Amino acid sequence: MTPSSPTRRAALGVAGAAALLLAGCAVTALPGQSLTVPADARFAVLPLSNATDVPLVERRAQAITVSLLQQKGLREVVVYPQKAGDNPLEAEPAVTSAQTLAWARQQGARYALSGTVTEWRYKTGVDSEPAVGITLQVADVSSGQVIWSASGGRSGWGYQALAAVGQSQIESLLRGIRVSAPTAGVAAKP
């Protein structure tokens, strides 16, 4: 094969296309085992932490997470109440994980989801690709022990919306949570 042969050019073209395709791919770390949750189990979504410099991004990620959990079939998703401030730059009083877990117990929740938004921005540069990084974890409310966790990051193409890339990443992470039939005895219709 000569340096300018059609076969070599085709091979280089395929390799280049594969490299471009991989540049827009996600990196997602899923747990080794899935968590199976009954559809009727009360599931508390606690405040997510914001480890970015973007104000209120944790609320965007939390809203997407709640919607996706409900779409998975969870019937009783309760969300930790947070004050809606007029000023997005004004810090809300910090709550501890012990306080949020105590709230979840008061709500009768069996599971509590929390996490951290580590990146939620458009990258600087010519294309301004959206980039998202997030970790999620589920705790057994009665013991406080973390029983499932996942983390990952994703970047999109310059034409994609940041919220769409964020939703796609959260959805990928939540694939590790399976929803089973309700535990309560529901009578079948004849």
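Analyst: Gladly! Let us begin with a term we will need: a residue is buried if its relative accessible area is under 20%, exposed if over 50%, and partly exposed in between. Tyr 80 and Trp 103 are both buried. Please keep in mind that this is a predicted model.

User: Why is the pair of Tyr 80 and Trp 103 called edge-to-face?

Analyst: Two rings pair if their centres lie within 6.5 Å, and planes over 60 degrees apart count as edge-to-face. The ring centres of Tyr 80 and Trp 103 are 5.2 Å apart and their planes stand at 75°, so the pair is edge-to-face. By this rule there are 2 aromatic pairs.

User: What makes this a link between distant parts of the chain?

Analyst: Tyr 80 sits in the loop between strand S4 (76-79) and helix H3 (97-106), while Trp 103 belongs to helix H3, 23 residues apart.

User: What makes Arg 42 and Glu 76 a salt bridge?

Analyst: The cut-off is a side-chain nitrogen of Lys or Arg within 4 Å of a carboxyl oxygen of Asp or Glu. For Arg 42 and Glu 76 the closest N and O atoms are 2.7 Å apart, and the two form a salt bridge. Arg 42 is in strand S3 (residues 42-50) and Glu 76 is in strand S4, so the pair ties together parts 34 residues apart in sequence. The count of salt bridges comes to 2. Arg 121 and Glu 119 also meet in a salt bridge, at 2.9 Å from N to O.

User: How do you know that the buried residues of H3 line one face of the helix?

Analyst: The buried residues of H3 are Thr 100, Leu 101, Trp 103 and Ala 104. Seen down the axis of H3, they fall within an arc of 155°, so they line one face of the helix. The face turned away from that buried side carries the exposed residues Ala 98 and Gln 106. Among the elements covering the buried residues of H3 are S3, S4 and strand S5 (111-122).

User: What makes a group of residues a nonpolar core, and which residues have the most contacts inside the largest one?

Analyst: Such a core consists of buried nonpolar residues, Leu and Phe among them, joined through side-chain atoms within 4.5 Å. The largest one here has 30 residues, and those with the most contacts inside it are Phe 43, Leu 113, Trp 120, Leu 136 and Ile 170. Helix H2 (57-71), strand S6 (130-140) and helix H4 (162-174) are among the elements that each supply at least two residues. H2 gives the most, with 6 residues. Apart from this core lies another, of 10 residues, including Val 78, Tyr 80, Ala 104 and Val 141.

User: What is the predictor's confidence over residues 14-24 and 186-190?

Analyst: The scale of pLDDT runs from 0 to 100. Over residues 14-24 it stays under 50, and the model has 5 contacts beyond four places in sequence for them. For the protein as a whole, the mean pLDDT is 83, and 74% of the residues reach 70 or more.

Terms used. Residues are numbered from 1 along each chain as its sequence is written. This is a predicted model: local features need pLDDT of at least 70, side-chain atom pairs count only at pLDDT 80 or more; totals for chains, interfaces and linings use all residues. Side-chain values use heavy atoms; hydrogens and water are left out. Rings of Phe, Tyr and Trp (its six-membered ring) pair if their centres lie within 6.5 Å; planes under 30 degrees apart count as stacked, over 60 as edge-to-face and the rest as tilted. Helices (H or I, at least four residues) and strands (E, at least two) are DSSP runs, numbered from the N terminus. Buried means under 20% relative accessible area, exposed over 50%, partly exposed in between (1.4 Å probe, protein chains only). The arc is that of the directions from the helix axis to the C-beta atoms. Contact means heavy atoms within 4.5 Å.
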